[in-house]
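Open your viewer and get ready to select residues by number. This tour goes stop by stop, and each stop says what to pick and what is there.

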Amino acid sequence: MTSTVGDFSEARQPARAGSPPTARVVAIVELLAEANQPALTLAEIVRRTSLSRATAHAIVSELVEHGWLIRDQAAGTFAIGPAFAMLARNLGGADHLLRWATLTVRELCARFDVPCFLARRTAPDVVTLAAHAFPPHLTPDAGLHPWLRDGARIRLRPPISREFIAWDSAQAQAAWIARAPESSRTRLRLALDAVAERGYSIERMTADHGAIIDALGSLDTVSDSLRARVDDLLTELSVIDYLPDELDAFAAAGAEVPVVTVGAPVFDAADHVTAAIVTCPNTALRADDLRKLAEATRDAARGISAHLH
């Protein structure tokens, strides 16, 4: 952006009256706010600004505290934070949703040892997968989640991605439900109510789940009539979410709950569901463990929503 960033070093302060501490803060903010600037480590900030490590550390710590910077604990890097973005119009194009989601899915992945990702709404009826995090023992190419890949697109068609629909208007929900076979519509209505009440959806684990997701992803390449027929068939094959009494029954029996994913909505400043944080246990969990994972997923999504607001 400017060649004068390094001129704010402690050793080369300008002779005119001014505020050297302020100049040092400005130097760091300008550096990290530069167009297309990737996140930097403290050592890189020190090198680029000529500040001492102690001074730079004190400044970035304070900026993180106030939300002007965010720190990626895993990578040890700093980037512009949402509080500063609200004040800086020239940062309007920065993708803060992806920044916050990247940190969030890493934390969830480390805490629960399961894959996590961001599903963001890229069109009215399409979500795109991004910001994946995998535990060390599960690599992206392990083959356990063939549909879980960066950039994968999924249509918002019944019965999947209910966390994007449960907070829509009654009219929008009715239109979405109407796309499903009549035999599954009552279940879909109950499932949307359950998702809105508890704050997350639960994708049930079945032997055919992977095949169903793959088939849904391939429907864009077929004719409208065939797409509608396959769509109906897949919906009929799916057991949609868990209703409250069903989860209570698992808990009462001490039985494990088969779960593929848990998805919680992220709301933008206009209170529209713009994305979802999704955790992927892909196994059977004790009812208490499922609740802990689901509530952590929901709370993480709410945290991102607060930042976007």
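Helices (H or I, at least four residues) and strands (E, at least two) are DSSP runs, numbered from the N terminus. This is a predicted model: local features need pLDDT of at least 70, side-chain atom pairs count only at pLDDT 80 or more, and totals for chains, interfaces and linings use all residues. Residues are numbered from 1 along each chain as its sequence is written, and side-chain values use heavy atoms, with hydrogens and water left out.

**Stop 1: the whole chain**

Show the chain as a cartoon. It has 11 helices and 10 strands. Now colour by pLDDT, the predictor's confidence in each residue, from 0 to 100. The chain average is 82, and 76% of the residues score at least 70.

Select residues 1–17. Here pLDDT stays under 50. The model has 28 contacts beyond four places in sequence for this stretch. Contact means heavy atoms within 4.5 Å. Next, select residues 89–94. Their pLDDT also stays under 50, and the model gives them 5 contacts beyond four places in sequence.

The accessible surface comes to about 15400 Å², and 53% of it belongs to carbon and sulfur atoms. Such areas come from the Shrake-Rupley method with a 1.4 Å probe; for residues, only the protein chains shown count as cover. Of the 309 residues, 46% count as buried. Buried means under 20% relative accessible area, exposed means over 50%, and partly exposed is in between (1.4 Å probe, protein chains only).

**Stop 2: H2 and H3**

Two packed helices are described by the angle between their axes and the distance between the axes. Select helix H2 (residues 42–49) and helix H3 (residues 53–65). Their axes come within 10 Å and cross at roughly 115 degrees. Axes are lines fitted to C-alpha atoms, for helices over the stretch in contact, and angles run from 0 to 180 degrees between N-to-C directions.

Which residues of H2 and H3 meet? Show Leu 42, Ala 43, Ile 45 and Val 46 in H2. They meet Arg 53, Ala 56, His 57 and Val 60 in H3. By class, this contact has 6 nonpolar, 1 polar and 1 charged residues. Ala, Val, Leu, Ile, Met, Phe, Trp, Tyr, Cys and Pro count as nonpolar, Asp, Glu, Lys and Arg as charged, and the others, Gly among them, as polar.

**Stop 3**

Select Pro 158 and Pro 159. A cis peptide bond joins them, with omega about 5 degrees. Pro 159 lies in the loop between strand E6 (153–155) and H6.

Show Gln 173, Trp 176 and Ile 177 in H6. Facing them in the contact are Arg 185, Leu 188, Arg 189 and Leu 192 in H7. These residues divide into 4 nonpolar, 1 polar and 2 charged.

Stay in H7 and pick Ala 191. Is Ala 191 buried or exposed? Ala 191 counts as buried, because its relative accessibility is 0%. Leaving aside neighbours within four places in sequence, Ala 191 is in contact with Arg 162, Ile 240, Asp 241 and Leu 243.

**Stop 4**

Select Glu 203, in strand E7 (residues 201–204). Glu 203 counts as buried because its relative accessibility is 13%.

Now pick Arg 298 in helix H11 (residues 287–308). Arg 298 is buried, with a relative accessible area of 17%. Not counting residues up to four places away in sequence, Arg 298 touches Arg 198, Gly 199, Tyr 200 and Ala 264.

**Stop 5: two positive phi angles**

Select Asp 271, in the loop between strand E8 (256–267) and strand E9 (273–279). Its phi is positive, about 65 degrees, although Asp 271 is not a glycine. Asp 271 counts as exposed, at 53% relative accessibility.

End at Asn 282, in the loop between E9 and strand E10 (283–286). Asn 282 has a positive phi of about 50 degrees and is not a glycine. Asn 282 is partly exposed, with a relative accessible area of 30%.
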